[in-house]
Amino acid sequence: MNLNLNPLTFQPGKFPSLSLPPRSSNVSIASTITSASEEIKNTKKTSSSPRKVQVTHSMPPHKIEIFKSMENWVEENVLIHLKPVEKCWQPQDFLPDPASDGFHERVKELQERAKGTPDDYFVVLVGHMITEEALPTYQTQINITDGIRDETGASPSSWATWTRAWTAEENRHGDLLNKYLYLSGRVDMKQIEKTIQYLIGAGMDAQNDNSPYLGCIYTSFQERATFISHGSTARLANQHGDKSLAQICGIIASDEKRHETAYTKIVEKLFEIDPNGTVLAFEDRMRKKITMPGLLMYDGCDENLFEHFSAVAQRLGVYTAKDYVDVLEFFVERWNVEKLTGLSSEGRKAQDYVCGLAQRLRKLEERAQEKAKQAPTIPFSWILDREVRL
Amino acid sequence: MAAVSATSVTFGSSLKLLKSSQITGKASSLKMVTVGWTKSGFPSLRTSRFRVSCSAKPETVQKVCEIVKKQLALPAESELTPESKFAALGADSLDTVEIVMSLEEEFGISVEEESSQNITTVQEAADLIEKLVQKNSEA
């Protein structure tokens, strides 16, 4: 491995890896994945602390050739999952039209419906919106990845074409949710906007170490997770009787599904081209745990904001520890990890680890459920300090 | 609390004493000290890194070692000492949680999340187990 430890940073501890909602029913899983909540507090307070290890360029340089050679394949197999702009939905399609006569009526109706939607749901929706709005961080993450980065900002490479178009599609998600929340009248927009500013300012080290192997496995996982999350908020909105909101969440979820398909295909191809390298990356990725992009969110008052938001998402069944394990299991199956052959002994160990992981996590999760205690209610500045149960 | 520093000095020497008793397996002196400590309700014991090292029975330490070896798939002959750190033996955070879970099952105890985060060595695990087992029997 070609490790270039950034000379400016160093630290024995790892950047927090948080994937599972930590509290209430996930005591054990929480402690495994995140005694990180302690780490988070420390890293947030000292964001330019010299004590963090950030690993860079972990992929051996000769492997960049693999990605160059995949250009045509990407054009024919991945870009097809993008939608032509003319055929794309836009946020305006799902919101009252200010240029129309009935605009104020529509807004009133929207606000009436929103009144029937509970605070805990709004906490989760806001968390999703803030995460989507931190898009600059995600485009950055992709563009610092070896082998697939956009070298000029308008590179004609298939990889770069994908990344820009993906970013453009994702951009609509934050816009749509932002406008909806703004119109809803149920939230404190300034606090939310502040949180977004903090989050983009904080960035995120997803620990993909500039490796496209790690990066594409990570994004596959993420897209599936966001599909689940937005799908859940759509389902809940329907339950609360807000069909328009359900449509909003649903249309976003459908984008995520297309993206998931694209990234999953890329990793499938990597398993074909370089099974050993890819399985080792999968192991590394899972050992580090899948960190959620909104990890460093902060609203100026809650030091454990992400933890609290995640706990509510867990309790509402929007994205849970069970989902995490389901997603892992899905990919192990989808990429046929059990059937890989021609692996080195390290590769076989990685294969064993990855194939056995879901079962271990399920056991932890069951245990955590047994031990689940009733969680406290806490205020969220996003909803004007109204309280919600974690 | 001027007494604290004085007591710590005493601790130091008692600790040494007890450590040697541990080696010779003089269970009785071990017991005495355990009882003494809980009676005094010495507050710092709860949170401090103060090794209640002397209170864990050798059998407990042995059992912990077995469980750790199994979890980390270490060869049976591998030498584990009470001071062995899980991380140094190759345990990641998932392994540690699973070790704690196995210990809960083995000893019929329930470990709080906050406590489990403080378990980094065989000795710390054994100590916590003894403490919880005792609490169970007192309950």
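Modeller: Keep in mind that this is a predicted model. Start with Asp95(B), which sits in helix α5 of chain B, residues 93-107.

Biologist: Is Asp95(B) buried or exposed, and how do you know that?

Modeller: Its relative accessibility is 8%. Buried means under 20%. Asp95(B) therefore counts as buried.

Biologist: Which residues does Asp95(B) touch, leaving out those up to four places away in sequence?

Modeller: Arg360(A), Gln71(B), Leu72(B) and Gly90(B). Contact here means heavy atoms within 4.5 Å.

Biologist: How far is Asp95(B) from Gly108(B)?

Modeller: They are 13 residues apart in sequence. In space, C-alpha to C-alpha, they are 19 Å apart.

Biologist: Now chain A. What makes up its secondary structure?

Modeller: Chain A has 15 helices and two strands. Of its 390 residues, 58% count as buried.

Biologist: Take helices α8(A) and α11(A). Why are they called roughly parallel or roughly antiparallel?

Modeller: Helix α8 covers residues 158-184 of chain A, and helix α11 covers residues 243-273 of chain A. Their axes cross at roughly 160 degrees and come within 11 Å. Angles over 145 degrees count as roughly antiparallel. So α8(A) and α11(A) are roughly antiparallel to each other. Their crossing is left-handed.

Biologist: What classes of residue make the contact of α8(A) with α11(A)?

Modeller: By class, the contact has 13 nonpolar, two polar and six charged residues. Among them are Trp159(A), Trp162(A) and Trp166(A) in α8(A), and Ile248(A), Ile251(A) and Ile252(A) in α11(A).

Definitions and conventions: Residues are numbered from 1 along each chain as its sequence is written. Chains are lettered from A and ligands numbered from 1 in the order in which they are written. This is a predicted model: local features need pLDDT of at least 70, side-chain atom pairs count only at pLDDT 80 or more; totals for chains, interfaces and linings use all residues. Side-chain values use heavy atoms; hydrogens and water are left out. Axes are lines fitted to C-alpha atoms, for helices over the stretch in contact, and angles run from 0 to 180 degrees between N-to-C directions. Helices (H or I, at least four residues) and strands (E, at least two) are DSSP runs, numbered from the N terminus. Angles under 35 degrees count as roughly parallel, over 145 as roughly antiparallel, 65 to 115 as roughly perpendicular and the rest as oblique. A crossing is left-handed if the near helix is turned anticlockwise from the far one by less than a right angle, and right-handed if clockwise. Ala, Val, Leu, Ile, Met, Phe, Trp, Tyr, Cys and Pro count as nonpolar, Asp, Glu, Lys and Arg as charged, and the others, Gly among them, as polar. Buried means under 20% relative accessible area, exposed over 50%, partly exposed in between (1.4 Å probe, protein chains only).
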